[in-house]
Amino acid sequence: MVYIRNLTTQYSSSRGIFNLNLTIPRGETRAVIGPSGCGKTTLLHTMAGLLKPDCGSVETGGETVRIGLVQQKDALYPWLTALDNVLLGVDRKSGETEVQAMDLMDELGVAETASRYPSRLSGGERQRISLARTLIQRPDLLLLDEPTASLDEFSKEAMQNLLLRIQTRNPVTTLFVTHSMEEALFLGQEILVMGEGRIHAVHKNPFYPDTAARDHKSFYSEVLKLRESLKEVAAV
């Protein structure tokens, strides 16, 4: 369980997040959408410990929590192979660790890239390697900052399907930021609509975790509801 209480991380009088409150039950996923500059990434980075809040707190009920962060830019080390990037920061004394990494890469569909360097990987492969590097740490809290933004539509949909499969098979408390209303509705159990550093609306997702949700016309009707929420935020 993650408890965010009266959280404020401020850049100026109008930029940042302000007195934000949010609870994420263990193993559940929250999607965050909103206009550029509304505080989405600031929230994510404050939760990850990359930014120090001015006041308020991010609490985990007294438990020690491992946090995994996947950013929009994959930040792979160009001089390391895909496998070595996945194993970065992991104790490699046990041969089991490398086996686990290969199993994870196989699940993510990138096992065949293990010996390649990042310059020889596609954008989708790089993002999957970045995700594998985070997941092998077994995070209790997974933070995703627009993980599909740099991908083409085919790779984006494949990545979304993969994330949903991972989450339903082994639920991890997750918060992810996206500009895509369709992605938010496909992956989030609840969708948080942010504006000017605050959460303005919360939409419960009637489709989660339906992998065929995008085949239903009613899915796009729900997308239109999210669009209306975003328009209301923009008008504030």
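A residue is classed as buried when its relative accessible area is under 20%. In this predicted model, Leu187 has a relative accessible area of 6% and is therefore buried. Leu187 belongs to helix 6, which spans residues 181-187. Leaving aside residues up to four places away in sequence, the contacts of Leu187 are with Thr29, Gln160, Leu163, Leu164, Phe176 and Tyr208.

At the level of the whole protein, two domains are assigned: domain 1 comprises residues 2-65 + 140-235, and domain 2 comprises residues 76-138. Their C-alpha centres lie 26 Å apart. To the contact between them, domain 1 contributes 11 residues and domain 2 contributes 10 residues. The area buried between domain 1 and domain 2 amounts to about 920 Å², with carbon and sulfur atoms giving 67% of this area. On the side of domain 1, Met159, Leu162 and Ile166 together supply 39% of the area buried against domain 2, more than any other three residues.

Polar interactions also occur across this interface. Three residue pairs are in polar contact between domain 1 and domain 2, both residues being at pLDDT 80 or more, and one salt bridge is counted between the domains. Glu107 forms a salt bridge with Arg169, in which the closest N and O atoms are 2.7 Å apart. Helix 5 (residues 153-169) gives the most to the side of domain 1 that touches domain 2, providing seven residues. By class, this side of domain 1 consists of eight nonpolar and three charged residues, with no polar ones.

Definitions and conventions: Residues numbered from 1 in each chain as written. Predicted model: local features only at pLDDT ≥ 70, side-chain atom pairs only at ≥ 80, totals over all residues. Heavy atoms only, no water. Helix = DSSP H or I, 4+ residues; strand = E, 2+ residues; numbered from the N terminus. Buried < 20%, exposed > 50% of the residue type's maximum accessible area, 1.4 Å probe, protein only. Contact = heavy atoms within 4.5 Å. Domains from an automatic or database assignment. Buried area = accessible area lost by both parts, 1.4 Å probe. Salt bridge = Lys/Arg side-chain N within 4 Å of Asp/Glu carboxyl O. Polar contact = N/O pair within 3.5 Å; in protein donor to acceptor, adjacent residues only side chain to side chain. Nonpolar A, V, L, I, M, F, W, Y, C, P; charged D, E, K, R; others polar.
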